[in-house]
Amino acid sequence: MRTLALGLRMLRRDWRAGELRVLVAALVLAVASVGTVGFFADRVKGALTRQANLLLGGDLMITGDRPLPAAFAERARADGLATTPVIRFNSMVQRADVPADGAAAILTDVKAVGAGYPLRGSVTLVGGEGREDRVAAGIPPPGAAWADVRLAQRLGIGKGARLSVGETTIVVGEILRSEPEVAGVVFSLGPKLLMNLDDVPATNLLQPGNRASHRLLVAAPGEAALERYRRWLGGELKAGQRMENVRDLRPEVRQTLERAEKFLGLAALVAVLLAAVAIALAASRYLRRHLDAAAMMRCFGASRGRTLALFALQFLVLGVAACAAGVLVALGGQALLVGTLSSLMDAGLPAPTWGPALASFATGLLLLFGFALPPLVALSGVPPLRVLRRDLPRPKVAGVLAYALGAATVAMLIAWQAREAQAGAIMVGGVGALLLVAALAAWGLIVLLKRLPQRGVSWRFGLANLSRRRFASSLQIGALALGLMALLLLTLVRGDLMQAWRANLPPDAPNQFLVNVLPDQAADARATLSQRFGRDIAFSPMVRGRLVEVNGQALDTTRFADARARRLAEREFNLSWTDALPGGNRVVAGRFWPPGARGAEQGMSLEDGIAESLGVRLGDALTFDVAGARVTAKVTSLRKVDWDSFRVNFFALFPPGPLDDKPVSYIAAFRAPDTDHGWLAPLVQKHPNILAIDVGELMRQVQGIVDRVSRAIEFVFLFTLAGGLLVLQAAVAATQDERRFDAAVLRTLGASRRQLQSAQVAEFLLLGALAGLVAAAGATAIGWALSDRVFRIPFQANPLVWLYGVGGGALAVAFAGWLGTRNTVRQPPLAVIRQLG
Amino acid sequence: MSSPILRAEALSKTVQSGDDPLTILDGVTFEVAAGDTVAIVGASGSGKTTLLGLLAGLDRPTAGDVWLDGHALSGEDEDERAALRQRLLGFVFQSFQLLPALTALENVMLPLELAGADDAAQRARTWLDRVGLARRVRHYPRQLSGGEQQRVAIARAFAGDPKLLMADEPTGNLDNATGAEVADLMFRLNREHGTTLLLVTHDLALARRCGRRLSLAGGRLVGDERASREGGGVRDTPVARPA
């Protein structure tokens with residue numbers, strides 16, 4: 001009790017005397033930046049998932065080829081989840097107000113929806129006659145339907161027209177511009193009609209044999225409730241029923257979201273690193289400044305254990321208070337960010353959760369004790385004789401041990417934050433290598449500079465200072481380099497990465513898919529399009545086939561634990577052949593056949609991801625059932641496919657030859673100018689079976705997600721920038737006392753103020769330039785590793801990194817150093833010597 | 001004569017300096033009776049401060065032993081020696097050793113607080129008043145002159161009510177006039193409280209104010225003079241040299 005009271009009193013006194021400012025600032029900022037990133041990333045991630053779910057119309061979609069059990073919806077409602085039923089089927093739709101023989105019947109995607117649809121996103125209706133499009137307030141009332149623009153155009157109808165759907169007649173109430181829809185892996189085909197679920201019985205269309213898809217859309221207030229429901233549902237699903245979210249459905253959306261999470265995770269990682277460095281520096285300064293207090297306390301009769309308890313208690317209280325303050329700042333910070341950003345998020349942001357608060361709080365405390373505990377133990381062991389003999393060496397923790405605990409803490413935090421082993425490993429490896437290189441480089445440079453002819457007392461003294469504290473200098477350079485590297489990573493490298501990412505969705509990405517082109521139409525279609533767009537449009541052959549055997553063993557889909565793998569294995573693959581590796585594909589294992597090669601002996605090439613899902617390895621023989629005939633081929637190469645290029649991509653590719661005689665259709669992807677709406681008509685007139693799919697809308701949605709994510713990430717990175725500046729400040733403050741004492745002694749010996757100042761500036765310039773050099777190298781290396789290994793986007797070295805690193809580092813450190821030490825040359829020497837001696 | 005409060009028995013201290021052992025203290029033996037005022041004098045490097053460190057249990061001898069109030073320090077561990085210091089000793093240092101983050105009052109309070117005194121603030125105030133600093137209790141060391149800082153240190157040393165006050169060059173960092181004032185204060189308080197005083201100095205004038213002078217040279221005790229009365233003449237006593 002006494003120790004507690006005394007510890008608190010001592011803490012209060014230190015606080016009042018201003019001893020704790022640097023450490024508290026470091027802790028608060030550390031927790032605040034980690035927390036802000038955490039809160040924000042958490043909420044943005046939630047928002048992004050919601051945003052993506054707009055494409056689905058809900059957070060989760062349950063699909064069945066028969067009506068779904070009522071229990072699915074009942075359970076969801078009991079769990080507090082919102083639901084709405086949807087039935088989707090194909091039907092021929094025609095105008096009811098013209099004679100039956102004169103009306104064109106158009107194969108239409110009919111979507112019958114219940115109240116509340118859509119749970120996420122919105123239905124947009126055409127405003128008409130110069131008015132803007134508007135968001136629908138509900139669903140079509142019974143007896144009415146909303147035809148989409150394509151259907152209206154093809155039927156030549158407007159609002160008020162009457163349509164025959166099955167055995168009933170429905171009035172067109174509105175023209176539909178867009179509505180949430182993500183078809184499965186095949187694209188949604190044909191024009192669309194949205195109608196009320198209550199009108200479905202009257203159509204009498206849902207006869208056995210009509211392939212209707214019965215759906216239940218589910219939306220949850222939080223991830224936990226959704227997960228609970230998902231788990232329950234997992235046990236209930238029967239054959240022909242499945243649950244999907246948007247990630248399962250669209251690989252490019254999944255990839256975009258995963259990249260976004262990686263970027264946000266990176267921001268959090270950098271924040272943790274900066275926090276660690278700032279806290280390490282501030283804690284070591286605190287402990288150095290309290291050496292005398294510890295010696296005095298031991299001299300006055302405090303036992304070693306009590307001394308340790310007193311200091312540890314102060315650190316604990318200090319840590320808890322500062323970390324709590326940091327969490328509050330983080331809450332404010334993220335609210336501010338969210339305020340500026342919420343307009344960008346259509347889906348709105350979910351409320352902050354406790355997770356990031358606890359995480360950032362724990363991060364602060366762990367870092368504090370990770371770095372403070374070993375020196376703290378050493379502090380309590382200070383020889384009391386120090387009160388008589390100031391020249392006694394400071395108690396030292398074995399060098400490795402002192403930083404081992406801290407380094408282990410950082411590694412642990414990084415592993416925990418990164419959630420992805422590879423990004424974490426790159427980061428930890430980069431930082432470790434950086435510190436080592438910085439220390440070695442500093443050592444080498446100091447040795448080298450000492451051999452050079454020395455000119456001018458300022459340089460000589462500045463250099464002497466560096467070499468006198470060789471170990472400390474190396475460490476300081478390492479810390480500075482880490483801070484500078486973080487800044488470089490955050491500004492230049494991050495900008496480059498973001499740009500490369502955006503550029504990955506090129507403006508000339510295809511926006512139209514042409515499918516169902518028959519072999520004898522392909523040449524004509526290609527010629528027609530190539531002429532219209534003035535460039536060659538490539539057509540790829542497509543053969544449908546089902547995987548039936550792997551290495552001669554019948555494929556048993558029940559052994560796939562992963563639902564996605566099971567689905568992939570159960571449905572038909574789109575097989576294709578090519579004589580050259582398509583663009584956007586990269587061989588990761590084996591060898592792709594050389595151009596011009598053909599025949600079954602060349603084997604086949606499989607997409608890397610699906611191979612992993614199916615458990616297929618290089619060299620395995622796969623047998624496909626193609627229209628009743630069996631085609632067997634050995635996997636000779638595995639490819640990575642860049643899905644968000646929107647090109648035509650195939651999971652399974654064959655060389656020309658093995659599939660030549662199979663039923664084939666052709667598919668093409670190309671970009672039609674946004675202004676050119678007439679390109680399709682002549683083609684369809686000649687070949688009515690050809691289907692054109694406009695993916696422009698989907699692309700715009702994905703592009704929108706990318707834009708929002710990149711803006712969110714910029715905000716988050718901006719915040720970690722503050723952490724980098726704090727590290728610079730802490731690194732300079734760390735040796736401030738020593739410098740002040742040196743300066744005082746030198747002034748006593750007659751050094752002029754100018755001499756002193758230039759000596760200090762010279763030392764800081766050297767220190768900063770060297771740290772900048774190391775930082776630039778580190779930032780470039782990490783940037784390369786991240787873009788090449790994690791984000792898989794091309795890396796381009798930016799020479800500005802070096803310029804800003806070395807030049808900016810030298811100037812910034814010199815300026816910060818000058819700020820921190822300018823008082824040392826102003827104060828009367830005796831005052832400084834008295835205070836610090 | 002009362003039993004000795006302090007006894008040094010064949011104290012030696014050797015440190016390794018490069019390849020050769022360096023003897024700093026060589027078989028120092030003496031006793032200090034309770035209530036005595038003793039000065040340890042000698043040139044720089046004669047081993048004075050090392051001896052003080054050993055006597056206070058701040059350092060361990062290479063050979064020999066120290067008895068503080070009847071306790072052999074060699075038999076006590078680091079923490080037990082700390083407890084003994086807390087109970088018996090007060091310190092005044094050459095460089096004052098006030099903690100810069102604490103006010104004058106808090107510096108005086110610290111040893112009392114460590115000892116668990118409930119009335120630490122009150123006692124500290126009383127002592128600051130007695131050294132003439134009642135108006136400076138809230139000042140930080142950097143706001144005090146050297147003489148004032150040393151007076152705070154003296155208040156701190158006496159506040160714990162020590163049996164034995166150890167002072168290491170208490171006037172060493174002060175000018176002559178201020179040093180004399182501080183010395184006056186220290187001797188006056190010492191007299192009023194009957195504290196035993198052990199003073200390390202190379203200032204002979206200061207040493208002459210003590211009842212007894214021990215001279216160190218080259219790590220050996222080379223003289224033990226007693227004054228007939230404090231501040232007066234000194235009578236020579238030969239010291240038995242260890243064989």
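**Strand pairing and chain contact**

A:Ala621 has A:Lys634 in β19(A) as its bridge partner, where strands are DSSP runs of E of at least two residues and helices are runs of H or I of at least four, numbered from the N terminus. This is a predicted model, in which local features need pLDDT of at least 70 and side-chain atom pairs count only at pLDDT 80 or more, while totals for chains, interfaces and linings use all residues. Residues are numbered from 1 along each chain as its sequence is written, and chains are lettered from A in the order in which they are written.

**Partners of β19(A)**
- Strand β18 (residues 621-626) of chain A runs antiparallel to β19(A), joined by six bridges, and two strands pair if DSSP finds at least two bridges between them.
- The hairpin of β18(A) and β19(A) has two residues between the strands, and A:Ala627 there has a positive phi near 45 degrees.
- Strand β17 (residues 604-607) of chain A pairs with β19(A) in the parallel sense over four bridges, with A:Leu606 bridged to A:Leu638.
- Strand β16 (residues 585-590) of chain A pairs with β19 (residues 629-641) in the antiparallel sense over five bridges, and A:Asn585 stands opposite A:Val641.

**Contact with chain B**
- In chain A, 24 residues are in contact with 28 residues of chain B, contact meaning that C-beta atoms, placed from the backbone, lie within 7 Å.
- The most on the chain A side comes from α9(A), with six residues.

Methods. Two residues are in contact if their C-beta atoms, placed from the backbone, lie within 7 Å.
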